[in-house]
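Have the sequence and the 3D view open as you read.

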Amino acid sequence: MPWENKRIDFVVPLLTAVIMILGLIALYSTTSDYGMSYVKKQVIWDIVGLMVLFLTVLIRERDIRRFIWPLYGSVLVLLVAVLIFGTISGGARRWFSLGIGYFQPSELAKVALILLSAYLLLARSKAKLFILAAAVGLFAVLVAVEPDLGTAVLLVSIWFTMLIFSKHSVRSVFVVILIIVAIAIFVYFFGLKTYQRERILSFLNPQGHKQSAAYNVLQSIHVIGSGGILGRGYLKAPGTRWKYVPKNHTDFVFSAIGEQFGFVGASLCIILYMLMSLRILHIIRLSKDEFWALVGVGVLFNFVIHVFINIGMTMGLVPVTGIPLPFISYGGSSTLSFCIQLGLVMKSYAVGKSGVEMEVKKCQQRRKENY
């Protein structure tokens with residue numbers, strides 16, 4: 001292990017493993033008609049993900065920074081390649097078939113974007129800010145063409161959040177806001193496909209689209225509500241067993257948790273995510289420098305927004321997008337992406353300051369102020 005790793009955080013991997021177990025329990029309940037096929041594949045992805053989590057910590061800090069541009073270039077090639085050679089499913093071309101599962105390059109794009117944004121935002125140069133905006137925009141356009149509008153918007157949101165928490169001027173942030181709003185208006189009227197616009201309209205008026213775009217959402221709300229306080233029981237819930245909610249092992253997996261385990265089970269799931277978020281926030285406070293602080297901000301925002309959007313769309317609080325629930329929705333790409341991101345958070349903790357060092361620094365600062 002490199003000498004630079006002063007300490008290893010075990011809270012993050014422990015919480016990750018617990019959430020993964022909850023995900024496997026929910027996955028089996030939604031795919032039991034197919035035997036253990038889905039569960040076995042997800043177990044493999046989870047094990048590989050945990051290995052990647054710890055391996056990321058072993059990478060030297062200098063190598064992580066050196067690898068940022070090559071990583072961005074590699075992901076860019078993959079995003080172009082998937083549009084040409086990718087597998088088509090549901091009218092979208094987003095995945096490479098790997099035999100044991102599918103790989104989605106846009107998940108790796110989140111990692112590359114977080115690292116590149118943290119690296120380029122350190123400079124207060126407008127030129128580098130423009131380069132970063134172009135790099136993010138290129139990612140977003142390629143992902144939107146797949147089409148995967150939800151992930152494209154998410155990529156821009158991650159970058160913008162990191163920009164806000166960087167030390168760039170308020171004027172720069174304001175200019176970026178104006179540009180994003182202008183682009184958003186243009187995309188809504190001229191760039192969205194009919195079904196994408198219907199998803200937004202169905203969110204505003206679900207009853208008016210209950211037999212089309214809002215069908216999944218209304219079924220999900222009903223199923224979650226039927227779980228009550230303690231739920232209908234594991235493998236005993238009709239909505240989950242009879243597939244009243246489509247995609248209840250991926251996008252709408254939270255509805256299966258709500259129906260089978262009720263308010264208590266759903267709350268436990270949310271509490272686990274809250275504990276993970278608070279742990280990441282704590283590690284951000286101990287960051288060695290601005291680079292690692294920004295990496296932590298990017299990972300935290302990406303993690304929280306995935307949880308909020310996925311759970312929110314199952315209850316009709318946000319429009320439906322293909323955003324997975326971290327470590328619970330079925331899928332290998334998302335699992336690996338989040339494990340790499342959390343591995344970066346653990347690396348930040350390993351090279352960062354201890355709580356004692358932080359307190360000593362605060363005391364020294366108070367003494368200087370008193371004198």
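## Ground rules

Contact, here, means heavy atoms within 4.5 Å. Helices are DSSP runs of H or I with at least four residues, numbered from the N terminus.

This is a predicted model, in which local features need pLDDT of at least 70 and side-chain atom pairs count only at pLDDT 80 or more, while totals for chains, interfaces and linings use all residues. Residues are numbered from 1 along each chain as its sequence is written, and side-chain values use heavy atoms, with hydrogens and water left out.

## Where helix 5 meets helix 13

Start with the pairing of helix 5 and helix 13. From helix 5, Lys110, Ile114, Leu115, Ala118 and Tyr119 meet a set in helix 13 made up of Phe291, Leu294, Val295, Gly298, Val299, Asn302 and His306. An α-helix has 3.6 residues a turn, so residues three or four places apart point the same way.

The two axes come within 8 Å and cross at roughly 145°; axes are lines fitted to C-alpha atoms, for helices over the stretch in contact, and angles run from 0 to 180 degrees between N-to-C directions. Leaving out residues up to four places away in sequence, Tyr119 touches Ile68, Trp69 and Phe291.

## Helix 13 up close

Helix 13 covers residues 290-314, and its 25 residues reach 36 Å from first C-alpha to last, close to the 36 Å expected at 1.5 Å a residue. That expected span is 1.5 Å times one less than the number of residues. Of the 25 residues, 21 are buried, so helix 13 is largely enclosed by the rest of the structure. Buried means under 20% relative accessible area, exposed over 50%, and partly exposed in between (1.4 Å probe, protein chains only).

At the start of helix 13, a side-chain oxygen of Asp289 comes to within 3.2 Å of the backbone nitrogen of Phe291. Just after the helix, Gly316 has a positive phi of about 75°.

## The nonpolar core

A nonpolar core is a set of buried Ala, Val, Leu, Ile, Met, Phe, Trp, Tyr and Cys residues joined through side-chain atoms within 4.5 Å. The largest one holds 92 residues, and Leu115, Phe139, Val295 and Ile328 touch the most other members. Helix 13 supplies the largest share of this core, 13 residues. Beyond its neighbours up to four places away in sequence, Leu115 touches Ile64, Ile68, Leu71, Phe291, Val295 and Leu344.

Most residues other than glycine have a negative phi, and most peptide bonds are trans. Which peptide bond is cis? The one from Glu146 to Pro147, with omega near 0°; Pro147 lies in the loop between helix 6 (126-145) and helix 7 (149-165).

Leu235 is not a glycine, yet has a positive phi of about 65°. Leu235 sits in the loop between helix 10 (215-226) and helix 11 (238-241) and is partly exposed at 32% relative accessibility. Lys247 has a positive phi near 55°, lies in the loop between helix 11 and helix 12 (253-285), and is partly exposed at 47%.

Conventions
Helix = DSSP H or I, 4+ residues; strand = E, 2+ residues; numbered from the N terminus. Polar contact = N/O pair within 3.5 Å; in protein donor to acceptor, adjacent residues only side chain to side chain.
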